Structure formats: C-alpha cells, structure tokens
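Try each task first, then follow the solution step by step.

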Amino acid sequence: MQREVRTVWNNCLRIIQEGIPEQSFKTWFEPIVPLKLENHTLTIQVPSQFFYEWLEENYVHLLRKAIDAEIGRHGLLEYSITVDKGGEKKPPIDIRVTAPKPSMPPPPQRQRTVEPDIRSPFNLPDLDGNELTSYLNPIYTFDNYVEGDCNRLARAAGIAVAQKPGVTSFNPLMVFGGVGLGKTHLVQAIGNHIKGHNSGKFVLYVSTEKFTNQYIIAVRNNNVQNFSNFYLRVDVLILDDVQFLSGKEKTQETFFHIFNHLHQSGKQIIMTSDRPPRELQGLEDRLLSRFKWGMTADLQTPDLETRIAIILKKLQADGIDIPYEVVEYLAHSIDTNVRELEGVIVSLMAHASLNRRDIDLDLARSTLRHIVVDSEKVVTVEGILEAVTGHFNVELSELKGKSRKKETVYPRQVAMYLAKEFTDLSLKSIGYHFGGRDHSTVIHAIQTISEAMQTNKKIQAEVNQLQRHFGGK
Ligand code: ADP
Ligand code: MG
C-alpha cells in the first residue's frame with residue numbers, strides 16, 4: 001500500500017534531523033517540499049539548482065540513509081527544481097539523483113520575421129527560420145532589480161520606456177554609472193519587458209564593442225549597406241557601453257544615421273555609458289547633442305539598506321536563507337559595486353560547499369580575508385584586522401571590544417586609519433567592524449593617527465610598514 005508522501009518525508013526528516021546541527025537542518029531541509037511517492041521514488045521540490053547541488057554534495061549520505069530506512073534499498077530520490085527568478089515561475093525541472101548534473105539551457109528566444117534579404121551582421125546564425133534574436137538575457141528583469149535611492153530615477157525612467165517604447169520623451173534613454181552598478185541589468189530588463197509585452201516589436205541588445213566589430217567586418221566585406229539596413233529594422237535598439245564609440249569616427253557616423261532614422265520613425269533607443277555624456281571624449285558633437293535629446297539618468301553606488309536588499313534578493317533567488325548577521329556583515333564589508341557584492345556571495349557559497357560548512361559569520365570573515373577580484377588581491381577590512389592584530393600582538397576581540405587601554409586603543413586606531421585608506425568603506429561601515437562604534441569615533445581615530453604620524457617618527461615608520469604590507473607607499 002502506498003503510504004502518504006508527507007508521512008514518508010516527515011519520517012525521513014526525523015532521521016536527518018538527528019544527524020546534523022539545527023541551523024543546517026533549518027536552512028537545507030525545512031524549505032524542501034515533498035511532492036510525490038511513486039514506484040519507490042520520492043520526489044522532493046527544492047528551490048534552486050544551487051540548493052540541489054548543495055544537498056547532493058553535502059547530505060547525500062544522510063538522504064540515502066533516510067531513504068533506506070523509509071523506502072528501502074531500492075528507493076530512489078528525485079529532485080524537482082523550481083526555477084524562480086524574479087517571480088516568474090518556470091516549469092520545474094526534474095533531476096534524478098543518479099543522473100549527472102544538468103546544465104540548464106537558456107530558453108529559446110524568438111522574434112518576428114523579417115524579409116530574408118536583410119542579412120544580420122551578427123556572427124552567430126541569426127536568421128533562424130527567418131526569426132530574429134534579441135540577444136537579451138532573460139535573467140535580467142525589473143522584478144529582480146532592487147530599487148534604492150541609488151537607482152530610483154533611472155529605474156522609473158526605464159519602466160516608463162518599457163511600458164511605452166518610443167512614445168515617451170525619454171528617447172533616447174541614456175543610463176550612465178560606474179562599473180558593476182547595474183546598467184546592463186537595467187537596460188536588459190527594459191528590453192525583456194518590451195519583448196514580453198509586444199510580440200511584434202523587434203528588440204535588439206548589442207554591446208558597442210560588438211556593434212563596432214560588425215561595422216568593421218561590414219566595411220571589409222563591402223556590405224555596410226546591409227549592416228545599416230539591418231539596424232534600421234529594429235524597433236527598440238539597446239546599445240550598451242557607448243563610451244567605446246569614442247575615437248571611432250566612421251562607426252560613429254554610421255550610428256549617427258541609424259540613430260536619426262530610428263528616432264524619426266518613433267523607434268526607441270536606449271544606451272548606457274560609464275560616464276555622463278559631457279565627459280564622453282572623442283565623440284562627435286552632433287552625436288553627443290543627440291544623446292541629450294531624451295533622458296539621462298545615472299546610477300550611484302547603493303547605500304547600506306539597498307545592499308542588504310540586493311543580498312537578500314540574490315539569496316532568495318538561490319533559495320538559501322543565511323543568518324541575518326551574515327547579510328549585514330557582507331553589506332557592511334563590500335560597498336564598491338553590486339558585481340563585487342555578488343562575487344563575494346558566490347565565493348561564500350563555494351567556500352561553504354567545498355568545506356562542507358554552513359554559511360555563518362566565521363565563514364564570511366574568512367572568505368573575505370582571501371577574496372580576489374579581477375585577479376587582484378583586494379584589501380579588505382578582515383585583511384587589515386588580521387595584519388594589525390598580528391603586528392601588535394593583540395586579540396581581535398580586544399580591537400572590537402570596549403577597552404580604553406593604550407595598548408588596545410592605539411592598534412585599534414591604526415586599523416581604522418588603514419581601513420579608511422585601503423578600502424572604500426564608509427565611516428559607518430568601518431565603525432561596524434570595530435564593535436559597532438559610531439562614525440565620529442572613526443573620524444577621531446583617523447585624525448589621531450595622521451597627526452601622530454606627522455610628529456612621531458616611530459609611529460610613522462610603524463604605520464608605513466603596515467601600509468607597505470597592503471601595497472601602499
Ligand atoms: P554594469 O553594466 O553597470 O557594469 P551590471 O548590470 O552588469 O553592471 O550589474 C552587475 C551585477 O549586479 C549584475 O549581476 C546585476 O544583476 C547586479 N545588480 C546591479 N544592480 C542591481 C540591483 N539594483 N538589484 C539587483 N541586482 C543588481
Ligand atoms: Mg554592463
């Protein structure tokens with residue numbers, strides 16, 4: 001007689017619960033939903049691919065033990081992964097526990113047909129049965145684009161354009177901001193929204209580098225006309241990183257014509273740049289003046305609350321629930337850009353997975369100590385604390401603690417001084433890493449050390465030695 005799936009799973013959970021710490025149980029087993037039990041196969045639903053891999057890597061023996069006890073040796077476990085990115089539910093993907101790990105192919109992207117004589121300049125086969133590709137990545141949506149003061153205007157303009165492409169006065173829409181602040185995400189979200197709501201419109205995303213390369217190839221092959229004709233067919237053109245047009249006169253000229261034509265025909269143009277239009281050097285004035293016709297909106301570095309919201313969103317997308325203190329710690333530790341923040345979350349997951357540990361504050365600290373971004377070792381507050389405690393032979397708990405003894409206060413102030421010099425952390429975040437001190441204490445520490453360095457050669461030498469350790473003077 002087939003027993004009820006829930007009962008079987010609950011019995012499995014009881015066995016599992018005995019074998020692991022409570023926090024791990026909560027994180028990795030409570031979110032699981034038992035779906036069905038058929039032919040000795042128990043199907044459980046897990047929130048993400050990462051979640052599934054984690055279970056397989058860390059708890060496969062425990063799961064096996066539970067299945068053995070409840071279903072028997074011939075019992076099988078099947079996972080069903082709910083891919084839920086930004087609220088858009090996709091059908092679950094089934095994976096057998098015995099099967100190799102799958103890589104999920106991106107969903108096919110199709111667009112409306114065009115006359116076959118307009119050949120696409122894209123290298124990849126583009127005209128797939130006369131249908132055009134948008135080159136949009138469906139993972140970028142408005143739903144998973146966290147709103148904050150840093151992006152409110154740009155996001156609102158983006159939504160307006162997404163709802164009424166080519167109709168608002170936001171044409172062109174120019175989004176600018178530093179690296180990793182979410183320009184590509186935002187403009188792709190606009191593209192995906194338009195594509196999803198207007199099946200007739202041909203939306204095209206292209207990086208300026210690719211646009212330039214296509215143009216160069218077109219010149220070489222003597223078919224610039226074809227190149228232009230292709231772009232004139234586009235209803236919504238998204239050109240990413242236009243700063244790369246600088247100095248490329250011929251490409252600019254061609255883009256100028258495409259721009260004018262599209263704009264006059266009421267087509268939407270969306271662009272991004274790593275700097276404001278007035279700072280775009282090597283761009284023709286007539287092109288620059290076009291960029292200013294519509295709407296220019298910038299993206300700033302996200303503040304603490306937005307960083308926390310972004311981390312929570314990323315974790316939610318992966319179906320993991322880590323202690324809030326870890327989230328807060330990460331948000332206080334990385335405040336340069338979102339890409340870096342994501343990189344650290346990924347490293348953290350990787351470290352947890354490799355070391356078979358849960359994600360806790362200790363793991364977050366040790367991950368940050370060794371973080372490497374773009375093959376350069378980044379100085380983190382953890383690295384500074386490690387060096388300073390080593391150098392002065394004081395305990396970390398003392399640096400973070402309340403002691404006002406000179407032997408503790410001095411190293412603490414030096415560490416704060418170095419944190420200000422070598423990281424981009426705000427005074428508030430630096431204070432957080434020193435036992436939650438407020439920003440005025442941090443300012444005082446920095447002033448004290450810089451003054452002491454002017455007047456006291458020994459202190460100057462000592463701080464310089466530490467500075468050299470981090471690649472400073
Ligand atoms: P840019 O193009 O400005 O260099 P990206 O758009 O590539 O930056 O963003 C870098 C990463 O940060 C991406 O993975 C993106 O999804 C993420 N990201 C940036 N801003 C946000 C945000 N507001 N909410 C959620 N994720 C964000
Ligand atoms: Mg980008």
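**Exercise 1.** Which are the buried residues of helix 12? Please bear in mind throughout that this is a predicted model.

*Solution.* Start by listing them: Val-326, Val-327, Tyr-329, Leu-330, Ala-331, His-332 and Ser-333 are the buried residues of helix 12. Finally, look for what surrounds them. The buried residues pack against helix 11 (304-317), helix 13 (338-354), helix 14 (361-369), helix 15 (381-392) and helix 18 (427-433).

**Exercise 2.** Decide whether Tyr-329 is buried or exposed, and find what it touches.

*Solution.* Begin with the location: Tyr-329 sits in helix 12. Its relative accessibility is 1%, and buried means under 20%, so Tyr-329 counts as buried. Now collect its contacts, setting aside neighbours within four places in sequence; among them are Leu-361, Ala-364, Arg-365 and Tyr-432. To see how the chain returns to this spot, take Ala-364: it is 35 residues from Tyr-329 along the chain, with 8.0 Å between the C-alpha atoms.

**Exercise 3.** Work out the strand order of the five-stranded open sheet, and say which strands stand at its edges.

*Solution.* Reading across the sheet, the order is 8-9-10-7-11, with parallel pairing. Strand 8 (203-207) and strand 11 (295-298) stand at the edges; each has a single partner strand, so one side of each lacks a neighbour in the sheet. Neighbouring strands are turned by 15° against each other on average, direction ignored.

Now zoom in on one pairing. Strand 9 (residues 236-240) and strand 10 (residues 268-273) pair in the parallel sense over four bridges, and Leu-239 stands opposite Met-271 in strand 10. Another helix to find is helix 7 (residues 208-220), which lies across strand 8 and strand 9 and runs at about 90° to strand 8.

**Exercise 4.** How many aromatic pairs does the structure hold? Then classify the pair of Phe-255 and Phe-259.

*Solution.* The structure holds 18 aromatic pairs. For the Phe-255 and Phe-259 rings, the centres are 6.0 Å apart and the planes meet at 80°; planes over 60 degrees apart count as edge-to-face, so that is the label for this pair. Next, place the residues: they are four residues apart in helix 9, and therefore separated by about one helical turn. Check burial too: Phe-255 has a relative accessible area of 1% and is buried, and Phe-259, at 0%, counts as buried.

Compare this with Phe-422 and Phe-470, a tilted pair with 5.5 Å centre to centre and 50° between the planes. Phe-422 lies in helix 17 (residues 406-422) and Phe-470 in the segment after helix 20 (457-469), so the pair ties together parts that are 48 residues apart in sequence. Phe-422 and Phe-470 are buried.

**Exercise 5.** Which residue lies over the face of Tyr-135, and which over the face of Phe-256?

*Solution.* Take the tyrosine first: Lys-210 lies over the face of Tyr-135, at 4.3 Å from the ring centre. Turning to the phenylalanine, Arg-286 lies over the face of Phe-256, at 4.0 Å from the ring centre.

How values were computed. Residues are numbered from 1 along each chain as its sequence is written. Chains are lettered from A and ligands numbered from 1 in the order in which they are written. This is a predicted model: local features need pLDDT of at least 70, side-chain atom pairs count only at pLDDT 80 or more; totals for chains, interfaces and linings use all residues. Side-chain values use heavy atoms; hydrogens and water are left out. Buried means under 20% relative accessible area, exposed over 50%, partly exposed in between (1.4 Å probe, protein chains only). Helices (H or I, at least four residues) and strands (E, at least two) are DSSP runs, numbered from the N terminus. Contact means heavy atoms within 4.5 Å. Two strands pair if DSSP finds at least two bridges between them. Axes are lines fitted to C-alpha atoms, for helices over the stretch in contact, and angles run from 0 to 180 degrees between N-to-C directions. Rings of Phe, Tyr and Trp (its six-membered ring) pair if their centres lie within 6.5 Å; planes under 30 degrees apart count as stacked, over 60 as edge-to-face and the rest as tilted. A charge sits over a ring if NZ of Lys or CZ of Arg is within 6 Å of the ring centre and within 35 degrees of the ring normal.
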